[in-house]
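Please keep the sequence and the model open while reading.

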Amino acid sequence: MFSPAKISRLTPVLLTAPLLLWAEMPTLAHKVEVSDNVAGLWHVEPNHNPKSGEPAQVWVALTQEGGAIVPLEQCDCKLTVYSAPYTEGETPVLEPTLEAISAEQYQGIPGAEVVFPEAGEYELRLNGAPQAGADFQPFELSYVAIVGRGTTPATSPSTQTITSTEATQTADNQSTENTVFGDGQTIPANQNSSRLPIIILVVTLLLGGLGLIVRQSKLFR
């Protein structure tokens, strides 16, 4: 017979054994954590290797003592995401909405789609309390995700400002490139520049001709 003290020491082992057997499979890299009489097996897709700016699916398979699965409908659960390391009282980076999903052999477990804003380490925390007649203890589980750099990094505010300024300058330059004459014809500015010497020559010849006519008229008086 086991004494109450021995049973108490064996409880975490009995609680996590089914999850540990599954987590040790070579194709998976799950993490199991125990809080009171609830164990949680974390998984992040794709392949525990999320990228910034790209959707990742996070799910937690919850079991209580004896190995029974705790579905989301029996858990008042909340998932929050913080920059790691987590500091008590800090504001979460994300608060994804949990939905009941089916993953691998688990049915109706809590899961959420998460888009990490930047590369780095994030701490995911799942808080839960029993509802719908469940008898497990309130719990808090955590998981640290290492997020790689995605293929579409977010544009920084400074880059957006520079881009906006360049666009404005381009528009201003385009507005001064064309000249509209009274007959409605539009002539590019570079053509105006090329015609300027011809216009000066014509004006010079006209003035010279007028001067010659004036001199000749004075001679015949």
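## Basis and strand numbering

Strands here are DSSP runs of E with at least two residues, numbered from the N terminus. The model is predicted.

Strand 1 covers residues 31-35 and strand 2 covers residues 38-45; the two run antiparallel and are joined by five bridges. Within this pairing, Glu33 is set opposite Gly40 of strand 2. Strand 1 and strand 2 make a hairpin, with two residues between them. In the turn, Asp36 has a positive phi of about 55°.

Asn37 is also found in the loop between strand 1 and strand 2. Is Asn37 buried or exposed? Its relative accessibility is 16%, and because buried means under 20%, Asn37 counts as buried. The Asn37 side chain makes a contact at 2.9 Å with the backbone nitrogen of Gln137.

Glu99 has Gly111 of strand 6 as its bridge partner.

## Salt bridges

How many salt bridges does the structure hold? There are three. One of them links the side chains of Glu95 and Lys78, with an N to O distance of 3.2 Å. Lys78 is in strand 4 (78-83) and Glu95 is in the loop between strand 4 and strand 5, so this pair ties together parts that are 17 residues apart in sequence. With a relative accessibility of 47%, Lys78 counts as partly exposed.

Arg125 takes part in a salt bridge with Glu123, where the closest N and O atoms are 2.3 Å apart. Arg125 also forms a salt bridge with Glu140, here with 2.8 Å between the closest N and O atoms. Arg125 belongs to strand 7 (residues 120-128) and Glu140 to strand 8 (residues 139-147), so the pair ties together parts that are 15 residues apart in sequence. Through salt bridges that share partners, Glu123, Arg125 and Glu140 are joined into one network.

The accessibility of these residues can be listed as follows.

- Arg125 has 12% relative accessibility and therefore counts as buried.
- Glu123 is buried, as is Arg125.
- Glu140, at 36% relative accessibility, counts as partly exposed.

## The disulfide

The count of disulfides is one. Which residues does the disulfide join? The partners are Cys75 and Cys77, with an S to S distance of 2.0 Å. The torsion about the S-S bond of Cys75 and Cys77 is about 100°, so the disulfide is right-handed. Cys75 and Cys77 are both buried.

## Summary of contacts

Two of the features above can be restated side by side. Arg125 in strand 7 is paired with Glu140 in strand 8, and Asn37, in the loop between strand 1 and strand 2, reaches the backbone nitrogen of Gln137 through its side chain.

Terms used. Residues numbered from 1 in each chain as written. Predicted model: local features only at pLDDT ≥ 70, side-chain atom pairs only at ≥ 80, totals over all residues. Heavy atoms only, no water. Pairing = 2+ DSSP bridges. Helix = DSSP H or I, 4+ residues; strand = E, 2+ residues; numbered from the N terminus. Salt bridge = Lys/Arg side-chain N within 4 Å of Asp/Glu carboxyl O. Buried < 20%, exposed > 50% of the residue type's maximum accessible area, 1.4 Å probe, protein only. Disulfide = S-S within 2.5 Å. Polar contact = N/O pair within 3.5 Å; in protein donor to acceptor, adjacent residues only side chain to side chain.
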